[in-house]
Amino acid sequence: MSSRPPDVGTLAGQLEARLPSGRVRRQVPFASLTTYRLGGPIAVLAEVHDDDELLEVARITRDLRPRLLVIGRGSNLLVADRGFDGLALVLTGDFESVEVSEGLVLAGSATPLPVLARRSAALGRTGLEFFVGIPGSVGGAVAMNAGGHGHDTDEVLVRAWTTDLLGDAELVERPLESLALGYRDSSLRRSEVVVAAEFGVSVDDPVACQARIEEIVRWRRTHQPGGANAGSVFRNPDGDSAGRLIDACGLKGLRIGGALVSGKHANFIQAEAGATAADLRALVFEVQRRVLDQTGIRLEPELRMVGFEETSEGEPVRR
Ligand SMILES: Cc1cc2nc3c(=O)[nH]c(=O)nc-3n(C[C@H](O)[C@H](O)[C@H](O)COP(=O)(O)OP(=O)(O)OC[C@H]3O[C@@H](n4cnc5c(N)ncnc54)[C@H](O)[C@@H]3O)c2cc1C
């Protein structure tokens, strides 16, 4: 059975009544919340600062069942130019935290990954250095099983705490296995919010940890473009690299409107001045089509695209 999404005024009104003043905003440009700096208005944006506020939101969403989007640092998201007509949730305040003990690091989901990496390294804990080059949040890393430099989140994650915005408005401890982390994916549904995560680390010399951090930062500066992008657009196919395939097909520099396949790293698509989300999406599918035509390999996007296609139930096709 499908239900109609709630009226935006009702949703915003209930949130405003139950959250501290200033936490709920309407018609917020998505561009301000993403590394692509693109995307139309979010109908309702709620910022929550602690568990109580989050659970308050969950009690409202459980009853009203709006379309939902959890936003971390927006470093893997492309939202349509027409925007998102549901509730987007941003975690901040108490959700930015790092607590380091001997073999574990507990981090709030809003903590930027580079902060997690640097704090842990400075206190002589090794294992999380690879996060320094990934400009996402702890929650985004769990949802995406983010990784790089030979390591993925599922190698270091011990457990996470989540709440389901369409569920019982409670925090649930989730062992790693229950999250089914795979290659740049997890089993988390759109309504599930990562609140915190605990990582396993080992004790090491802070100077050695710091040196590994600096090496990763140097590598990134040399090999990846700056500007507005969302990192790798496509997942690597088995045994190959998406960037290598795109480059081999001669697609570096391919452009649609303000969207451009980077000349520095072929799996990055840059948003230049004047780009629209439609340009970006069109270029993603043009690259996919050309690589398929020339190599027979179908590249699958890693980038999460929101608000472009809806099923008959009104739910986005992908998470
Ligand atoms: C320059 C650059 C380099 C990058 N390099 C890498 C790399 O090396 N490896 C890599 O894996 N990725 C890389 N990325 C992509 C991106 O940083 C990761 O996918 C990151 O994990 C996304 O985190 P985020 O907080 O920005 O999530 P967002 O982009 O905000 O969201 C991504 C997905 O995670 C979900 N999500 C976010 N927060 C939560 C939460 N608290 N609870 C539940 N779901 C949540 C969102 O709903 C969405 O589905 C790069 C991006 C850029 C811009």
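Modeller: Just after α3, G124 takes a positive phi of about 75°. Helices (H or I, at least four residues) and strands (E, at least two) are DSSP runs, numbered from the N terminus. This is a predicted model, in which local features need pLDDT of at least 70, side-chain atom pairs count only at pLDDT 80 or more, and totals for chains, interfaces and linings use all residues. Residues are numbered from 1 along each chain as its sequence is written.

Biologist: Which residues of α3 are called buried, and what makes them so?

Modeller: A residue is buried if 20 or more other C-beta atoms lie within 10 Å of its own, exposed if 12 or fewer, and partly exposed in between, with C-beta atoms placed from the backbone. In α3, L113, L116, A117, R118, S120 and A121 are buried. They pack against β6 (98-100), β7 (104-108), β8, α4 (138-144) and α6; a contact is two C-beta atoms, placed from the backbone, within 7 Å.

Biologist: How do you know what span to expect for α6?

Modeller: The expected span is 1.5 Å times one less than the number of residues. Helix α6 (residues 206-223) has 18 residues and reaches 26 Å from its first C-alpha to its last, close to the 26 Å expected.

Biologist: Why are the buried residues of α6 said to line one face?

Modeller: The buried residues of α6 are C209, I213 and I216. Seen down the axis, they fall within an arc of 65°, so they line one face of the helix. The arc is that of the directions from the helix axis to the C-beta atoms. On the other side, V207, E214, R218, R221 and T222 are exposed. The cover over the buried residues of α6 includes α3 (113-122) and β8 (125-126).

Biologist: Why are β1 and β3 called edge strands?

Modeller: Two strands pair if DSSP finds at least two bridges between them. An open sheet of four strands has the order β1-β2-β5-β3, with mixed pairing. β1 (24-29) and β3 (68-71) each have a single partner strand, so one side of each is left without a neighbour in the sheet.

Biologist: What makes β3 and β5 a pair?

Modeller: Four bridges join β3 to β5 (residues 84-91), and the two run parallel. V70 stands opposite L89 in β5.

Biologist: Which residues does L89 touch?

Modeller: Not counting residues up to four places away in sequence, L89 touches A46, V48, V57, V70, I71 and V193.
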